[in-house]
Amino acid sequence: MFSQFALHERLLKAVAELKFVEPTPVQVAAIPPALEGKDLRVTAQTGSGKTAAFVLPMLNRLMGDAKPRVVIRALILLPTRELAQQTLKEVERFSQFTFIKSGLITGGEDFKVQAAMLRKVPDILIGTPGRLLEQLNAGNLDLKAVEVLVLDEADRMLDMGFAEDVQRLAGECKGAHQTMLFSATSGGNGLREMVASVLKDPQHLQLNAVSQLSDGVRQQIITADHNQHKEQLVYWLLANETYQKAIIFTNTRVAADRLYGRLVAAEHKVFVLHGEKDQKDRKLAIDRLKQGGVKILVATDVAARGLDVDGLDLVINYDMPRSGDEYVHRIGRTGRAGNEGLAISLICHGDWNLMSSIERYLKQSFERRTIKELKGTYGGPKKVKASGKAVGVKKKKTDKKGDKKAVAKSPTKRKTANKPKSSLVSGDGMAPLKRKKPEAPAAE
Ligand code: AMP
């Protein structure tokens, strides 16, 4: 029950209006210390209800002040426009019975209109770092009186190259303030540095032990012989699975556009979202998906970030994501707020080892599924190591003296086309995953 929290009755009224009955685990863990004004570092997945976990205590604090003040009192930084827009909606829903006003500053919107909004001085400002910094540099933004600073999806902001911008904006919040940092993953060194520099003696709430991340979502793999076979499997799944809305992930824009074209040709109502789409296209795609006019979205990771669409219950990984954390983000699109979901990864020969690394990371074994009508020749490696990875065939190489040397111990050291450029280590002690070469240069 939300009444267990010492929240203002107008906030409880809004919570009741939204038909939230039970607080989610992240809300149970974060709301009490947040109400006490503590700095928090929260590791919680998108879809866990984390927005309410920081918005409710923030509003409660702002309502506590007897006399209204014409300054920006709270700042919420997020990585993408969509996420910022969704967060604004959530803040407005919770503050509907209060006098608290919120404003949004993101790229892709009119700079002068935003400046005019800033002159009216909202109590809460929500935005993406790049445009906020531009407004700051133009002298339109004063953050000195900020009392609550939230860095949401901080790991993603770092991934997107916003580290310096975030630091600069946090540095502008010069008054004594409470800071709450949320991330879906435990992140890497960049996140540790940010935590050390922006948080004071934070309480760390770890809500998503990786192995618990995907409760409520069935995770399956289907092996495929090649991309055309993957396309056939996608058609079959879209025709035969029961779902309200589906999202299909590719690793590159080119692959997203190609698959989109094929699905349109097969008369599916589908939208595509990737980094080259402008704000109007993105908004249209998301609105149509929310309203149910379109049931299928093809997307790259960057474009799908922060998407919160009810009824998204089928995720297809046409391409396997390049890291365990990315997999977790993708699967987080479904099974939100306790709903059921199904996640299916299509696995070719070259995807196997990445898939098995992700299984190890999640400490889960994905269900192996075969579609009888579309059974191909590849069914996984003939032999696997204890790690689950394929046992590679040792190649012999003749050196100058004519001695034969074994050169390919690891299956990832296969031919040049798939040679990894670098490795990346995900948070939570995940074994290094090899970065797969993107399908095309236009990778997101
Ligand atoms: P979030 O993780 O903040 O993006 O929230 C995911 C979705 O869950 C949003 O649509 C919220 O409105 C919804 N939600 C958050 N908390 C609750 C709750 N306690 N009960 C029901 N739905 C919730």
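1. In this predicted model, a polar side-chain atom of Arg-93 lies 3.3 Å from an oxygen atom of the ligand. Taken alone, the ligand exposes 490 Å², and the protein buries 84% of that area. Two elements give two or more residues to the shell around the ligand: α3 (50-63) and α4 (81-94).

2. A backbone N or O atom of Glu-22 lies 2.8 Å from a ligand nitrogen atom, and a backbone N or O atom of Lys-50 lies 3.3 Å from a ligand oxygen atom.

3. There are 17 residues around the ligand, and those that come nearest are Glu-22, Gln-27, Gly-47, Gly-49 and Thr-51. By type, the shell divides into 4 nonpolar, 7 polar and 6 charged residues. Domain 1 (2-208) and domain 2 (212-374) each supply at least three residues to the shell.

4. The structure holds 5 aromatic pairs. In one of them, Phe-2 and Phe-20 have ring centres 6.3 Å apart and planes at 40°, so the pair counts as tilted. Phe-2 sits in the segment before α1 (9-17) and Phe-20 in the loop between α1 and α2 (25-35), 18 residues apart. Phe-2 counts as buried because its relative accessibility is 5%, whereas Phe-20, at 27%, is partly exposed.

5. Phe-54 and Phe-182 form a tilted aromatic pair, 5.1 Å centre to centre with 55° between the planes. The pair links helix α3, which holds Phe-54, to strand β6 (residues 178-183), which holds Phe-182, across 128 residues. Phe-54 is buried at 0% relative accessible area, and Phe-182 is buried at 0%.

6. Ring pairs also link Phe-2, Phe-5, Phe-20 and Phe-94 into a cluster.

Terms used:
Residues are numbered from 1 along each chain as its sequence is written. This is a predicted model: local features need pLDDT of at least 70, side-chain atom pairs count only at pLDDT 80 or more; totals for chains, interfaces and linings use all residues. Side-chain values use heavy atoms; hydrogens and water are left out. A residue is near a molecule or strand if one of its heavy atoms lies within 4 Å of it. A polar contact is a pair of N or O atoms within 3.5 Å; within protein, one must be able to donate a hydrogen and the other to accept it, and residues adjacent in sequence count only if both atoms are side-chain atoms. Accessible areas come from the Shrake-Rupley method with a 1.4 Å probe; for residues, only the protein chains shown count as cover. Helices (H or I, at least four residues) and strands (E, at least two) are DSSP runs, numbered from the N terminus. Ala, Val, Leu, Ile, Met, Phe, Trp, Tyr, Cys and Pro count as nonpolar, Asp, Glu, Lys and Arg as charged, and the others, Gly among them, as polar. Domain bounds come from an automatic or database domain assignment. Rings of Phe, Tyr and Trp (its six-membered ring) pair if their centres lie within 6.5 Å; planes under 30 degrees apart count as stacked, over 60 as edge-to-face and the rest as tilted. Buried means under 20% relative accessible area, exposed over 50%, partly exposed in between (1.4 Å probe, protein chains only).
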